Amino acid sequence: MENLYRYLIDGREAVSLEPGLPFPPGADGSPELALTQTVPGLGPAAWKVSDSRQLRAAADVSWLDPRRIGDFPELRPDISSIIAAERLTGVNVRHPRWRQALEFTVPKPGKKRLHLLAVGDVGGILLTALKVLGGKTLSTIGICDLNEKTAARWTAEMGQISWPWEYGVLPEVETILPEELFHCDIFVFAATRAVPPVGSGIKDVRMAQLDANRPLVEHFARQARDKDFSGLFIVLSDPVDQLCQAAWRASNQGPDGNFDYLGLLPEQIQGFGLGVMNARAAFFAKRDPRFSSFLTEGRTFGPHGKGLVAANSITHYDDELSQELTRLTLEANLRIRELGFKPYVAPAVSSGAMQLLLALRGGWHCGSVNLGGVWFGCKNRFTAYGLELETLELPDNLFSRLQETERTLRALSCGQEDDIWNVNC
C-alpha cells in the first residue's frame with residue numbers, strides 16, 4: 001500500500017503521493033482533490049482523474065491508455081472507489097494559477113456569451129450554424145471583423161433569421177469592438193491572413209498558413225492574458241494544433257520573454273479541427289463496407305492534418321485498413337479543391353459549431369488538448385471535476401502510431417530557445 005499524504009486546500013480535503021507539500025494537514029475524510037507536481041504547461045493544471053496512474057506521471061499520449069504509464073499505485077480502497085465513481089480532481093500545485101484552474105472546472109449556469117473573431121469563409125458558416133443550433137446554449141454571439149461592413153452585413157443577416165412567432169429562441173448576434181473581444185465566456189479565433197488559392201499546387205495548405213496566422217493568434221492570446229480572460233479560448237484557424245500551442249506560449253510569457261505561466265491555462269485552450277476529420281472518416285465508412293466498423297468502434301486521434309490517425313476499430317484494429325482510411329480522410333479536402341472550391345463548409349460545422357456546442361453542454365467531443373506540451377486531438381469533455389480524456393485499451397500498433405504523431409508534433413517545438421520546450425527535445 002503506497003503512502004498517501006493528507007492535506008487541506010482552502011477547506012477541501014486532498015490527498016497526494018508526495019510528502020511535504022506546503023499545505024495544512026488534512027483529516028482522514030473523503031478527498032475531493034489529488035495533488036501532483038509537474039512542470040506547468042505540460043498538461044492540464046486541473047483535470048478529472050479517470051485512472052490512478054495519471055497521478056504518477058505528467059500528461060502525454062499515454063494518458064489515453066494509462067496501462068502505458070505503468071502499474072496502478074496501490075491505494076486504499078476508499079480512494080480507489082472515489083476515482084471509480086469519477087469524483088476526484090487532479091491538480092498540479094506547481095502551476096502558479098492552480099487555484100484559478102480549480103475555479104475553471106466549476107460549471108457556469110445559464111446560457112453563454114460567445115465572441116467570434118473574423119467572419120470570413122469559415123467564420124460565416126460557423127456563425128450561421130451557431131445561430132440556428134445554439135438557442136439552448138448561447139445567449140449572445142458577438143462578432144468582430146477588421147472590415148466593418150463585413151461585420152455589419154453579418155449582424156443584419158443573422159438578425160433576419162428567426163422561427164416565425166418565436167422571435168426570442170435563437171441567440172442574438174451583435175457587432176463588438178476589438179477591445180470587447182474578451183468580455184465573454186467563449187472566444188473563437190477564426191481569423192486568417194492567408195489561404196492558398198485553389199490551383200496553387202500547395203499540398204499541405206494548413207501548414208502553409210502557419211507563418212501568416214501565428215502572429216495573429218499570439219496577439220490575441222496576449223490580449224486574453226491582459227484581460228485576465230477566464231473562459232474558453234477556441235482555435236478554429238489552420239493549422240489548429242500548432243496555433244493552440246502558439247497561443248499558450250504567447251500568453252504565458254512575461255514582459256521579459258520568460259515563461260511565468262500567468263496566462264491562459266492549458267485546459268482553457270482547445271483546437272477544433274479533429275471533428276471534421278472524424279466526420280470525413282465516417283463519410284468513407286458509410287460508403288465502403290471495409291471501413292464500416294469505424295461507425296461503431298472507430299476513433300480519430302491527433303492533428304487536423306499530417307499525423308492524423310483514423311482507427312477503423314479499437315477492439316478489432318486493422319492497421320492496413322486504418323492507414324488507408326487515414327489517407328482518404330487526409331485527402332478529402334483535396335477532392336473539394338479539385339472541384340474548384342475551398343473546403344471550408346464541413347470544417348466550420350463539423351469541427352466548429354458541433355464540437356463547440358457539445359463542449360459547452362459537457363458532452364464528449366473531438367478537440368485538441370495539451371498532452372505533454374503539444375496539442376493532441378482526442379475525445380474529451382469538460383466536467384465539474386475538470387477536463388476528462390477518454391481512456392481506452394489501445395492495440396500496440398495503434399498506440400505506436402499515436403506515439404509517432406506525438407513525436408512529430410513535439411519536433412515542431414524543438415530548437416526554440418526557451419526552457420519548457422527544450423525539456424521535451
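This is a predicted model: local features need pLDDT of at least 70, side-chain atom pairs count only at pLDDT 80 or more; totals for chains, interfaces and linings use all residues.
Residues are numbered from 1 along each chain as its sequence is written, and side-chain values use heavy atoms, without hydrogens and water. Local features need pLDDT of at least 70 and side-chain atom pairs pLDDT 80 or more, while totals for chains, interfaces and linings use all residues.

Start by selecting Ala-118, Ala-190, Ala-191, Thr-192 and Ser-237, which lie nearest the centre of the largest pocket among its 46 lining residues. A pocket is an open set of points on a 1 Å grid over the protein atoms alone, where a 1.4 Å probe fits, with protein on both sides within 12 Å along at least five of seven lines; lining residues have an atom within 4 Å of a point. The space here is about 970 Å³, a volume filled by probe spheres set on the points.

Next, show helix 6 (210-226), which gives five residues, the largest share of this lining. Helices are DSSP runs of H or I with at least four residues, strands runs of E with at least two. The lining has 25 nonpolar, twelve polar and nine charged residues.

Move to Phe-104, Val-106, Pro-107, Lys-108 and Lys-112, nearest the centre of the second largest pocket, which 26 residues line. Helix 11, strand 15 (374-383) and strand 16 (386-389) each give two or more of them. This pocket holds about 560 Å³.

Finish at Leu-339, in the loop between helix 10 (319-338) and helix 11 (345-360). Leu-339 counts as exposed because its relative accessibility is 63%, and exposed means over 50% with a 1.4 Å probe, protein chains only.

Note on methods: Buried means under 20% relative accessible area, exposed over 50%, partly exposed in between (1.4 Å probe, protein chains only). Ala, Val, Leu, Ile, Met, Phe, Trp, Tyr, Cys and Pro count as nonpolar, Asp, Glu, Lys and Arg as charged, and the others, Gly among them, as polar.
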